[in-house]
Amino acid sequence: MFNQRGQIPIIILVIFMKNNFREGFTLIELLVVIAIIAILSTFILSSLGSAKSKSRDTTRKQNLDQIVKAISLYYSSNGDIPGLTNNCVAISDSMLGSGVLVPTFIKSIPTDPTRSALGTSGNYVYENQSNNTGKYRVCATMENSSAGNITPAISVCGGSAVYNYCVNQ
């Protein structure tokens with residue numbers, strides 16, 4: 001079996017390899033690999049869903065911050081906040097849109113990332129609480145309850161929509 005140098009001849013190695021090593025994978029091995037890939041992809045896709053909703057909640061908070069800054073600029077310029085006292089409107093309404101905040105104090109009114117059933121037109125709501133003191137609040141509904149700052153969620157405008165995140169000024 002061994003030659004003079006103590007090596008196995010190549011012909012014997014080839015025969016040994018052909019007889020003891022099979023080509024390809026069995027069906028069971030392929031099914032196990034596919035099952036493992038499916039389980040891992042399920043975990044990845046579920047974590048992506050929560051990341052997307054957290055991203056939308058962050059966008060909502062940033063949008064409210066822009067609106068609050070625009071209303072503060074309006075208050076600084078006019079000595080009053082827009083709207084009538086105890087008036088509650090969807091922020092995209094003409095009450096705060098063209099000619100009031102846009103384009104002087106904000107380029108455009110930001111909208112909810114999903115435009116879900118918030119307020120009366122699918123956006124954020126604004127409530128003028130007192131003209132004399134400049135008190136108002138801007139509210140949105142966060143997808144993740146942990147992202148909200150109000151527990152339990154409240155109905156700001158007396159409608160059926162509830163809000164779990166408000167900025168009071």
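**Close-ups of ring pairs and salt bridges**

**View 1. Arg 60 sits at 1% relative accessible area, so it is buried (under 20%; exposed is over 50%, partly exposed in between, with a 1.4 Å probe and protein chains only).** This is a predicted model, in which local features need pLDDT of at least 70 and side-chain atom pairs count only at pLDDT 80 or more, while totals for chains, interfaces and linings use all residues. Residues are numbered from 1 along each chain as its sequence is written, and side-chain values use heavy atoms, with hydrogens and water left out. Arg 60 makes a salt bridge with Asp 57, with 2.9 Å between the closest N and O atoms. For a salt bridge, a side-chain nitrogen of Lys or Arg has to be within 4 Å of a carboxyl oxygen of Asp or Glu. Asp 57 is buried too, at 2% relative accessibility. Helices (H or I, at least four residues) and strands (E, at least two) are DSSP runs, numbered from the N terminus.

**View 2. Asp 65 and Lys 69 meet in a salt bridge at 3.3 Å, N to O.** Here the spacing is four residues in helix H2, again about one helical turn. Asp 65 is partly exposed, with 37% relative accessibility.

**View 3. A salt bridge joins Glu 127 and Arg 137, at 2.8 Å from N to O.** Glu 127 belongs to strand S2 and Arg 137 to strand S3, so the pair ties together parts 10 residues apart in sequence. Both of these residues are buried. In total, the structure has six salt bridges.

**View 4. Now the rings: the structure holds two aromatic pairs.** Tyr 74 and Phe 105 form an edge-to-face pair, 5.5 Å centre to centre with 70° between the planes. It links distant parts of the chain, with Tyr 74 in helix H2 (residues 27-78) and Phe 105 in the loop between strand S1 (87-90) and strand S2 (125-130), 31 residues apart. Tyr 74 is buried at 18%, and Phe 105 is buried at 18% as well. Rings of Phe, Tyr and Trp (its six-membered ring) pair if their centres lie within 6.5 Å; planes under 30 degrees apart are stacked, over 60 edge-to-face, and the rest tilted.

**View 5. Tyr 126 and Tyr 136 form a tilted pair, 5.8 Å centre to centre and 45° between planes.** Tyr 126 is in strand S2 and Tyr 136 in strand S3 (residues 135-140). Tyr 126 is buried at 1%, and Tyr 136 at 3%.
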